[in-house]
Amino acid sequence: MGNISVVVDTLWGDSGKGKIVDLLAPKADVVVRYAGGSNAGHTIKNDQGTFKLHLVPSGILHKKTLNIIESGVVVNPTALVAEIRELRKAGVSITKHNLRISRRAHLVMPWHILRDQLKDAKSGKSKIGTTGRGIGPTYADRTAREGFRMKDLYARDFSERYAAELRRQNKLIQLLGGSSIPLQQSRREILRARAFLKEFVDDTFPIVQMYLKEKKTVLGEGAQGALLDIALGGFPYVTSSNTGVAGFSLVTGIQDHHITNVIGVTKAYSTRVGGGPMPTELFDADGEKIREVGGEYGATTGRPRRCGWFDLPATRYGCIVSGARSIALMKLDVLDDFKRINVCVGYRKQNKTYAMMPDMDPDTLENVRPVYRSFQGWREKTSHVRSFDKLPLNARRYITFLEKELRLPIQIISVGAERSRVILRTA
Ligand code: IMP
């Protein structure tokens with residue numbers, strides 16, 4: 001096997017996986033996006049501009065890297081076409097030589113999107129706050145062994161099957177209080193996307209196997225975050241996929257012992273978007289400041305993110321369930337101008353303090369109170385710093401504390417959105 005690394009997120013997503021994948025991609029022969037769908041928003045900022053990717057893997061800006069959308073990803077064909085068009089308009093070359101889509105990837109259809117939105121809107125207080133991109137219903141169909149896959153688009157009877165399925169789905173949509181999706185128009189759009197995407201559709205599993213045999217460098221790109229994982233996240237406030245390294249193994253067949261590194265991407269503070277508990281969430285001026293300085297608004301939906309201090313119990317749990325073996329600490333510069341910076345070192349519940357909870361479910365987290373340790377801020381700009389030793393002393397203290405508490409090496413420190421604003425602590 002060659003060098004295999006996987007990039008995951010240790011909390012609730014939005015940590016900057018796109019930047020890390022973009023950073024590592026020049027050395028990768030292939031980048032494999034393995035889960036999620038267009039609910040993801042991976043932002044890359046470099047000398048060519050700012051790119052917001054949703055389905056296209058974050059290695060796409062490097063000409064020599066092959067990018068694969070693997071079978072674990074749920075693909076909205078029309079959204080993918082729009083994304084490719086947008087990237088091409090911005091000067092990014094996308095051909096079958098640098099992008100392939102698994103024939104086995106499940107398709108997000110218009111009814112999945114509508115069902116997702118109608119259901120979440122009806123859920124009142126217990127609403128998950130999904131991105132409304134049809135993710136849950138598509139994975140539900142997949143688990144029920146229904147729905148369409150990429151290869152079905154190219155079957156001779158696709159048009160008839162589409163019409164039959166739409167009739168069935170429209171009944172469901174009416175039950176949910178929505179209005180029917182028109183056949184002609186929606187099918188026309190899918191057929192257009194089908195023609196556009198044809199050149200990219202392939203058997204991707206053997207391609208990755210071939211790369212492995214040739215000892216090439218493979219980079220897995222996760223989406224969302226460990227605490228949004230369907231199996232180990234804070235159910236039901238989760239997404240519907242396996243977000244950690246396990247998700248990568250599930251679709252590539254590459255098992256953990258063959259994987260060289262799993263990089264857990266985590267911000268120097270916490271954010272969450274959507275419903276569900278967030279123990280360190282701030283409702284004060286500090287929270288507002290993190291949001292504004294950090295530009296904490298969703299890359300996909302534009303929703304303001306909930307912001308809070310670094311949460312060690314949540315991150316400890318997230319590192320375990322995502323399989324992280326090292327850390328990329330992101331957005332350190334956002335904390336440059338804070339007098340005091342807090343870190344949640346434990347959760348207090350019923351007179352006991354916990355370093356980590358048995359799970360991150362809402363009932364487990366009910367009535368937990370974060371226990372903080374306060375650090376002195378550094379109040380200096382860090383975005384120009386390129387080596388750990390040159391960081392202000394208080395920033396080094398902060399990072400060293402997190403590293404010790406997480407028991408994982410912090411190998412990458414990001415101090416700004418641009419590709420170059422990074423401190424690498426390994427050769
Ligand atoms: P869904 O994935 O759209 O079904 O949304 C389920 C939950 O995951 C909601 O709380 C979303 O806000 C959250 N979520 C989904 N994708 C992302 C992401 O890329 N970043 C952060 N949160 C996400």
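Predicted model: local features only at pLDDT ≥ 70, side-chain atom pairs only at ≥ 80, totals over all residues.

User: Which residues line the largest cavity?
Analyst: Asp 9, Thr 10, Leu 11, Trp 12, Gly 13, Ser 15, Val 265, Thr 266, Lys 267, Tyr 269, Ser 270 and Thr 271. A cavity is a set of points on a 1 Å grid over the protein atoms alone where a 1.4 Å probe fits but cannot get out, and lining residues have an atom within 4 Å of a point.

User: How much space is in the largest cavity?
Analyst: About 50 Å³. Volume here is the space filled by probe spheres set on the grid points, which are joined across faces, edges and corners.

User: Which element gives the largest share of that lining?
Analyst: Strand 9, with three residues. Strands are DSSP runs of E, at least two residues, and helices are runs of H or I, at least four, numbered from the N terminus.

User: What classes are in the lining of the largest cavity?
Analyst: Four nonpolar, six polar and two charged residues. Ala, Val, Leu, Ile, Met, Phe, Trp, Tyr, Cys and Pro count as nonpolar, Asp, Glu, Lys and Arg as charged, and the others, Gly among them, as polar.

User: What's the volume of the second largest cavity?
Analyst: About 40 Å³. Its lining includes Trp 12, Tyr 237, Arg 272 and Met 360. By class, that lining has six nonpolar, two polar and one charged.

User: Switching to helices. At what angle do helix 3 and helix 5 cross?
Analyst: Roughly 10 degrees, with the axes coming within 10 Å. Helix 3 covers residues 110-122 and helix 5 covers 158-175. The two are therefore roughly parallel, a label for angles under 35 degrees. Axes are lines fitted to C-alpha atoms over the stretch in contact, with angles from 0 to 180 degrees between N-to-C directions.

User: Which residues meet there?
Analyst: Among them, Trp 111, Leu 114 and Leu 118 from helix 3, and Tyr 162, Leu 166 and Ile 173 from helix 5. Contact means heavy atoms within 4.5 Å. By class, the contact has nine nonpolar, one polar and three charged residues.

User: And how many aromatic pairs?
Analyst: Nine. Phe 158 and Tyr 162 have ring centres 5.9 Å apart and planes at 50 degrees, so the pair is tilted. Rings of Phe, Tyr and Trp (its six-membered ring) pair if their centres lie within 6.5 Å; planes under 30 degrees apart are stacked, over 60 edge-to-face, the rest tilted.

Notes
Residues numbered from 1 in each chain as written. Heavy atoms only, no water. Parallel < 35°, antiparallel > 145°, perpendicular 65-115°, else oblique. 1 Å grid on protein atoms, 1.4 Å probe; cavity = no way out; pocket = protein on both sides within 12 Å on 5 of 7 lines; lining within 4 Å.
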